[in-house]
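Let's walk through this model together, starting at the ligand and ending with a pair of packed helices. Keep the viewer open as you read.

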Amino acid sequence: MHNVLKRIELQGFKSFAGKTVLDFPARVVAIVGPNGSGKSNIIDALRWVLGEREAKKLRGDTLDNLIFAGNAKKSAVGLVRVALYLDNRKRGFPLDTEEIMLVRKADRSGTSEFTWNESEIKLKDLAPILARGRLGSRGLTIIGQGQSDIFVRSSPEERRMMIEEILGLKEFRLKKHACERRLRASRINMDKVQAMINELSPHLRFLRKQRTRFEKRSEIENKLRNFENEYFSFHYHKLKGTLARALEPITQFLEEQKTREKEIKVLEEGLRMVSEKTSGLSKAKDIRRTLTELFDEKSTIRKDLGRLEARIEFQQPVSSNNPSLTDITDTVQTLTKEIESAILWDSMSDIKDALGSWLRRLKDLFKKGLASDSSDLVVSRKKLEHDIAAIDAKIKGLRGEEEQLAQEWESANQEFREQVEQLELKKNEFRELEQKTQTQFFEKERFQLRLSELEREWQSFGHSIDELRNITKISKEIDSSGLEKKMVRLRTELAAIGEIDEGLVHEAKESEDRYEFLSRELADLKKAVSDLKNLIKDLDEKIHSDFRSSFRKINEEFNKYFRLMFGEGKAKLKLQTYKSKDINLEEGAEITTDEDEENQELRAGVEIDLSVPRKSIKGIDMLSGGEKSLTSLAALFALISVSPPPFLVLDEIDAALDEKNTQRFAELVKEFSKKTQFVLVTHNRATMEAADALYGITMGDDGVSKVLSLKLEEAV
Ligand code: ATP
């Protein structure tokens with residue numbers, strides 16, 4: 001047997017200004033002390049730490065009243081702290097520790113906080129944990145001063161709650177309430193979402209139509225695009241290829257043209273050089289002119305010679321001193337030979353030198369004659385003859401030169417003709433190449449034009465040339481006219497559909513998303529509602545079946561303790577009913593499956609039927625105050641006999657009992673202490689005697705409560 005309630009520490013709570021510790025080392029602990037010493041403040045502290053929120057239930061107007069107010073002797077405090085130590089060896093609470101420390105703190109600003117083994121916890125999370133351990137701030141586990149008749153005094157619904165709390169069903173009730181709150185919230189949300197869907201639906205229908213049109217259009221557009229890609233990429237690449245092939249010979253022709261140009265230049269240069277050679281013609285003219293002059297000169301000299309010879313003939317006989325004919329003939333022959341060879345000489349100075357020597361020899365030849373004859377006429381004649389000979393030599397030389405020139409000119413002329421022929425040939429070739437290039441160029445231009453036309457057409461469908469270039473899938477062969485027909489048909493279809501309002505399409509997408517979101521949310525909410533309903537149903541079943549199975553036993557015990565307290569009579573708890581038919585669980589009546597009835601039963605309050613024949617009492621209203629307390633006690637013991645809570649705190653519950661019943665109460669406490677731990681505030685000796693430990697509470701002049709451990713005699 002272990003005591004769940006181990007210790008309570010109070011600090012700043014009502015009259016407990018300083019830190020005060022009360023250990024509960026026994027199954028029954030009695031707290032005794034004079035009126036107003038602060039005993040009930042301990043019970044309030046217990047309620048407060050267990051989560052009580054109403055100031056009234058803590059015997060105060062405001063929560064501020066909970067904090068030590070101070071007086072002339074002792075100043076007020078700003079903080080209140082109550083710590084409750086619970087034994088958790090049996091793991092009655094969902095925490096894997098041997099001991100649990102529940103602390104509640106507050107300050108005058110009203111801020112209050114809970115810690116559960118030093119972790120902060122919210123009251124809404126703490127309540128179900130305490131409920132599972134069958135602890136609560138209200139109900140029958142903590143009965144305050146003047147509340148000994150609480151069970152009788154409470155409403156049927158409150159009674160049911162008290163029973164459920166002792167049975168440990170409050171945990172499920174709280175869960176059910178939480179589920180119901182969530183269910184209500186989910187239903188409200190569901191309605192809101194449904195309303196939003198309803199509002200959205202008509203517009204969405206219109207938008208969907210637009211979207212369908214758009215989808216149809218984009219489907220056609222995709223098809224058209226595929227056809228366009230196939231058609232244009234095929235022709236584009238075909239034309240590109242043709243164009244490249246058309247360009248090839250142009251390059252070649254141009255190359256060849258260049259070669260021809262070079263050749264023509266070379267030929268022209270050659271021609272120029274040949275024509276330079278033929279310029280020797282002017283030289284021939286000079287020779288001819290010189291020859292004419294020489295002939296003229298010769299004829300003049302001849303005339304002079306004729307005249308001279310005539311004079312010589314007539315005026316002077318021939319001198320015997322004249323050179324012999326043989327000498328003259330020899331000399332003339334020798335000179336003629338030398339002159340013939342000299343004509344071929346190039347050097348003028350050599351010729352001059354030769355002429356000088358001939359002159360000397362001629363002079364020598366005629367010196368003798370002159371010396372003997374000294375006829376001037378003869379000298380003159382010789383000179384003239386000599387001059388004629390010189391002219392003849394010159395004429396001969398020039399004739400040779402003229403002949404040479406004529407030959408040279410002929411060969412140059414021949415060469416010139418040949419060169420001109422070749423040049424003409426090359427020029428013809430060049431012109432032919434030019435012609436071919438031009439033709440090829442026109443051909444290329446034609447393809448280029450067709451390509452530009454194709455590109456322009458492609459662009460007119462709203463595509464870029466880059467797109468066309470980037471098409472990688474190119475058909476080897478296409479049905480061009482078939483594709484053209486298909487494209488025209490699709491374009492006609494597109495024109496029939498008309499342009500799409502992108503704004504509407506965008507809106508359709510947004511609305512569709514929103515509709516989907518709302519539908520999902522609605523489905524989630526429906527699922528949540530259904531899950532919650534199921535959970536509530538399960539919880540109801542649990543509460544219902546646990547309550548029902550315990551209710552019969554409680555009733556048996558209630559009747560037993562009632563009879564024990566009153567010495568006779570009978571008492572029974574029964575579930576309230578809103579229909580004429582009572583639901584009598586005691587007799588194991590069939591529960592109807594009708595939902596309303598089931599719900600009613602779940603909500604049904606607990607009424608008390610009793611009779612004390614000796615006193616002709618037939619209901620709770622006829623009971624006296626003390627009898628009400630007795631009936632409540634009978635119910636309390638009935639309940640704890642079926643489902644004992646970890647501990648009970650009863651504040652002067654024995655105050656309204658007579659001696660006999662006080663004695664009986666003390667005995668029952670003693671007996672039940674095997675199952676439940678008791679903390680009793682009492683002034684009664686019999687009750688004190690039942691206690692294993694006694695605390696005395698005193699209050700000094702400073703208005704501060706103090707705790708003393710007492711022996712029974714001291715307490716009494
Ligand atoms: P009785 O036996 O008459 O029921 P009791 O021992 O139960 O008396 P309590 O009601 O616990 O007495 O204590 C009342 C005392 O606590 C009073 O003296 C009251 O002045 C004091 N008290 C209550 N609230 C405060 C507070 N906030 N600050 C200081 N003292 C307080």
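Predicted model: local features only at pLDDT ≥ 70, side-chain atom pairs only at ≥ 80, totals over all residues.

Residues are numbered from 1 along each chain as its sequence is written, and side-chain values use heavy atoms, with hydrogens and water left out.

Begin with the ligand. Around it sit 19 residues, the closest being Asn35, Gly36, Lys39, Asn65 and Gln145 (a residue is near if one of its heavy atoms lies within 4 Å). This shell divides into 5 nonpolar, 10 polar and 4 charged residues; here Ala, Val, Leu, Ile, Met, Phe, Trp, Tyr, Cys and Pro count as nonpolar, Asp, Glu, Lys and Arg as charged, and the others, Gly among them, as polar. Helix H1, residues 39-49, gives the most to the shell, with 3 residues (helices are DSSP runs of H or I, at least four residues, numbered from the N terminus).

Now look at individual atoms. Lysine 39 has a polar side-chain atom 2.7 Å from an oxygen atom of the ligand, and arginine 59 has one 3.0 Å from a ligand oxygen atom. From isoleucine 67, a backbone N or O atom lies 3.1 Å from a nitrogen atom of the ligand.

Finally, turn to helix H5 (residues 170-277) and helix H9 (residues 376-460), which pack at an angle of about 165 degrees with axes 7 Å apart. Axes are lines fitted to C-alpha atoms over the stretch in contact, and angles run from 0 to 180 degrees between N-to-C directions. H5 is therefore roughly antiparallel to H9, the term for angles over 145 degrees. Their contact residues divide into 25 nonpolar, 11 polar and 19 charged.

Key
Helix = DSSP H or I, 4+ residues; strand = E, 2+ residues; numbered from the N terminus. Parallel < 35°, antiparallel > 145°, perpendicular 65-115°, else oblique. Polar contact = N/O pair within 3.5 Å; in protein donor to acceptor, adjacent residues only side chain to side chain.
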